[in-house]
Amino acid sequence: MSTTDAPKKPRETDDVPVPATLRKSLKNRHIQLIALGGAIGTGLFYGSSESIALAGPSILLAYLVGGLAIFAIVRALSEMSVEDPKAGAFSYYATRYWSKRAGFISGWNYWFNYILVSMVELSVVGSFVNYWFPAIPTWVSAAVFLVIICAANLLGVSKFGEFEFWFAIIKIVAVIAMIIGGLAVIIFALPTASGVRASFANWFTVGNGFFPNGLMGQNSDGSWTGLLMALVVVMFSFGGTELIGITAGETEDPKTTIPRATNDIIWRILVFYIGALGVIMAVVPWNTIDGKSSPFVQIFDSVGIHAAAGILNFVCLTAVMSVYNSGLYANSRMLYSLAKQGNAPAYLGKLNSRGVPVAGVLTSAAITAIAVVVVFVWPEFAFNYLMSIATIAGIINWTMIMLTEMKFRKVVAAGGAPEDSELAGKSGKEALDAIHFKLPFAKVTPWVVLAFLALVVVLMCFSASYRVAVIAGVIWLAILFAAYQITQAKK
């Protein structure tokens with residue numbers, strides 16, 4: 001029988017029945033936009049007001065430094081993802097190259113982190129809907145969007161990729177439009193509501209110059225301010241960029257796609273954070289950005305374009321949906337990975353014919369729904385304590401990525417690389433040199449990043465709103481350690 005007559009193997013798509021396995025259906029354009037979408041959210045559109053108030057124009061340096069740290073973290077994760085692409089990246093790598101306890105802590109920490117982040121996003125979605133439809137109860141909006149996103153995730157990974165692709169496109173267009181509009185105001189010297197001529201010189205001439213609050217200082221009310229304090233806000237606005245590590249196990253060509261998406265993160269941060277905020281502070285005097293409305297709205301309001309508030313409301317609504325979409329995807333794959341390791345109930349490790357861990361999707365959605373109810377019933381408890389855990393969980397996650405990368409290199413050097421990797425059969429310097437997508441300056445970079453993350457934790461102790469997060473972090477880690485010991489004792 002000729003090769004043309006031979007039965008053809010079914011393609012791995014979400015629509016062709018094949019044995020239950022994760023599908024490598026995410027294409028390059030999906031990964032590129034997932035990586036970019038993860039870095040652009042309500043933290044940029046609204047949260048940037050807080051960071052500008054703390055550091056003034058020097059916030060641009062904070063975003064640059066924080067962006068370099070995030071770039072190193074994602075590079076470390078991508079180094080492992082390219083050589084050993086697996087679902088539930090953080091947990092799998094921590095288990096495979098460190099210990100089962102590390103995998104348990106890493107996986108459940110990340111899962112719970114995204115449950116809490118999703119909780120907040122769904123609890124505020126009603127406020128965006130109420131902008132147009134004030135009569136709709138906020139809990140109805142939360143319920144509707146939860147069901148819609150849950151259904152989208154059940155359709156298959158390629159459908160998730162399409163949703164994220166278009167969510168990201170909307171956010172990107174909004175930021176680019178703002179940058180172009182701001183540059184037009186500067187170039188053509190259009191009049192602004194503040195009466196201050198739009199110019200990049202405003203970075204240095206408005207409100208005590210580029211470093212109005214110095215590196216770190218104390219206000220009359222006892223609160224701390226300055227460039228270093230702004231780093232705390234900046235770092236948490238980058239949460240979600242590490243999502244591309246989760247997608248590696250379902251990516252069509254991880255050896256090409258993951259490196260490209262990872263390397264593009266740094267210029268995206270430069271354009272979408274530093275570029276956008278730089279233009280905003282050139283048009284709107286930084287000391288008039290009070291947080292009552294988004295800086296993106298203020299820049300258009302200042303030149304008389306008052307429809308910007310409605311447009312940004314739509315953009316933020318899609319940003320919230322994007323975060324929950326990504327969160328539900330990441331959580332379902334994390335539960336799947338934990339189940340395969342024996343760190344979660346076995347039913348969470350089952351896939352349907354479309355390669356979707358349905359139990360993981362539905363379980364994560366159900367727990368998120370309960371968390372949203374907690375927000376509506378006990379908002380003070382939810383935001384003061386649960387969000388504190390979410391805040392510090394990000395630091396724990398990034399720390400474990402860097403520690404796991406160092407463990408990964410030790411295993412590879414000892415000849416323990418994955419059997420299906422090009423590193424198999426190699427050891428020592430030969431194996432390390434053969435790593436396809438190396439973390440730059442790998443002997444030094446992890447320690448520099450870990451020192452930087454430790455600095456961020458110390459700085460959090462100076463802020464009343466973040467101090468509780470540090471305390472919650474210690475308690476949270478103790479709970480995870482205890483949970484692991486209890487599960488092992490039962491076995």
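Modeller: The largest cavity has a volume of about 40 Å³. This is a predicted model: local features need pLDDT of at least 70, side-chain atom pairs count only at pLDDT 80 or more, and totals for chains, interfaces and linings use all residues. Residues are numbered from 1 along each chain as its sequence is written, and side-chain values use heavy atoms, with hydrogens and water left out.

Colleague: What makes a space a cavity, and what makes a space a pocket?

Modeller: In a cavity, a 1.4 Å probe fits but cannot get out. A pocket is an open set of points with protein on both sides within 12 Å along at least five of seven lines. Lining residues have an atom within 4 Å of a point.

Colleague: Which residues line the largest cavity?

Modeller: M80, F90, Y93, A94, S106, M400, I401 and T404. Helices α5 (89-97) and α16 each give two or more residues to this lining.

Colleague: How many residues of each class line the second largest pocket?

Modeller: Five are nonpolar, none is polar and six are charged. Asp, Glu, Lys and Arg count as charged. The lining includes R409, K410 and D433. The volume of the second largest pocket is about 260 Å³.

Colleague: What does I258 contact, leaving aside neighbours within four places in sequence?

Modeller: Contact means heavy atoms within 4.5 Å. I258 is in contact with I31, S78, V82, I244, T247, A248 and T251. The C-alpha atoms of I258 and S81 are separated by 7.8 Å, though these residues are 177 apart along the chain.

Colleague: And the cysteines: which class does C316 fall in, and which does C461?

Modeller: C316 has a relative accessible area of 0%, so C316 is buried. C461 is at 34%, so C461 counts as partly exposed.

Colleague: How many disulfides are there?

Modeller: Zero, by the rule used here. That rule asks for a pair of cysteine sulfur atoms within 2.5 Å.

Colleague: What makes a nonpolar core?

Modeller: Buried Ala, Val, Leu, Ile, Met, Phe, Trp, Tyr and Cys residues, joined through side-chain atoms within 4.5 Å. The largest has 161 residues. I59, M119, V175 and F296 touch the most other members.

Conventions: Buried means under 20% relative accessible area, exposed over 50%, partly exposed in between (1.4 Å probe, protein chains only). On a 1 Å grid over the protein atoms alone, a cavity is a set of points where a 1.4 Å probe fits but cannot get out, and a pocket is an open set with protein on both sides within 12 Å along at least five of seven lines; lining residues have an atom within 4 Å of a point. Grid points are joined across faces, edges and corners, and a volume is the space filled by probe spheres set on the points. Helices (H or I, at least four residues) and strands (E, at least two) are DSSP runs, numbered from the N terminus.
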